[in-house]
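Hello,

The structure is below, for your files. My notes on it follow.

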Amino acid sequence: SPTGVSGLDAARSLARACARNGVLRLVHMSTAMVIGDRSESTISEETPCTPSDEYGKLKLQVERILKDGAENRFELLILRPTAMFGPRGKNLHTLARRVAFSSMAHRVVRAIAMGHRNMHALDVEAAAKAVVFCLDTPVEGRVQTLLISDDEHPLNNYRGLEACLASSIGVAQVPRWIPELPSFAFQLMLSAVGKPDTRANRVFSSSKLRGMGFAFPRDLGFA
């Protein structure tokens, strides 16, 4: 998607075009990164947005421009997916390469450091299905924000996905009994290197989207 000033100008042009041409509903794909590093353990659509990185700030600005442009003119659904993975995507690519090519000692060290940190992985097919679902599903109000997340899945954490990938690739799995760093130590470690998401156990809730009748198409993409 466009970045910087060009991205904001594109959002303004899009909103004007929708209003001018009588568009009934615009479905906009944003990102869950607009939330920022919140202290809440569960994130919903009502959680205030305080992004700290430039990408999150830009995407939030685009959301606001579209909301202003949509007022009393057309319906707007803003979708906020978490970390999408799938063909030609980069999310989980590093983890998959580590599982496939790193030594067991290296994988064990990473597993100790990462533990059961929530990975927020989202099958790109689920995100695409959510867009199609939102094209004509009735909603309350003319402007809606919806999180697309599979964080409720019990395997959507570092050790769970590491084990899934090891099984799929056909390599030995990291022993389940090895210890892991306390969550506060993990948070300090990520803060020290400037990561925008330091909360190890934070959950992005998709209950609003699911409550509208949306069903995920498959089991986290590994089935």
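**Findings**

His93 lies in helix H3, residues 93-101. Helices (H or I, at least four residues) and strands (E, at least two) are DSSP runs, numbered from the N terminus. This is a predicted model, where local features need pLDDT of at least 70, side-chain atom pairs count only at pLDDT 80 or more, and totals for chains, interfaces and linings use all residues. Residues are numbered from 1 along each chain as its sequence is written, and side-chain values use heavy atoms, with hydrogens and water left out.

His93 has a relative accessible area of 46%, so it counts as partly exposed (buried is under 20%, exposed over 50%, partly exposed in between; 1.4 Å probe, protein chains only). Its C-alpha atom is separated by 20 Å from that of Ala200, 107 residues apart along the chain.

Then the strands. Strand S3 (residues 75-81) is mostly covered, with six of its seven residues buried. Strand S1 (residues 25-29) runs parallel to S3, joined by five bridges; pairing takes at least two DSSP bridges. His28 has Ile78 in S3 as its bridge partner. Strand S6 (residues 143-148) also pairs with S3 in the parallel sense, over six bridges. There, Leu76 stands opposite Val143.

Best regards
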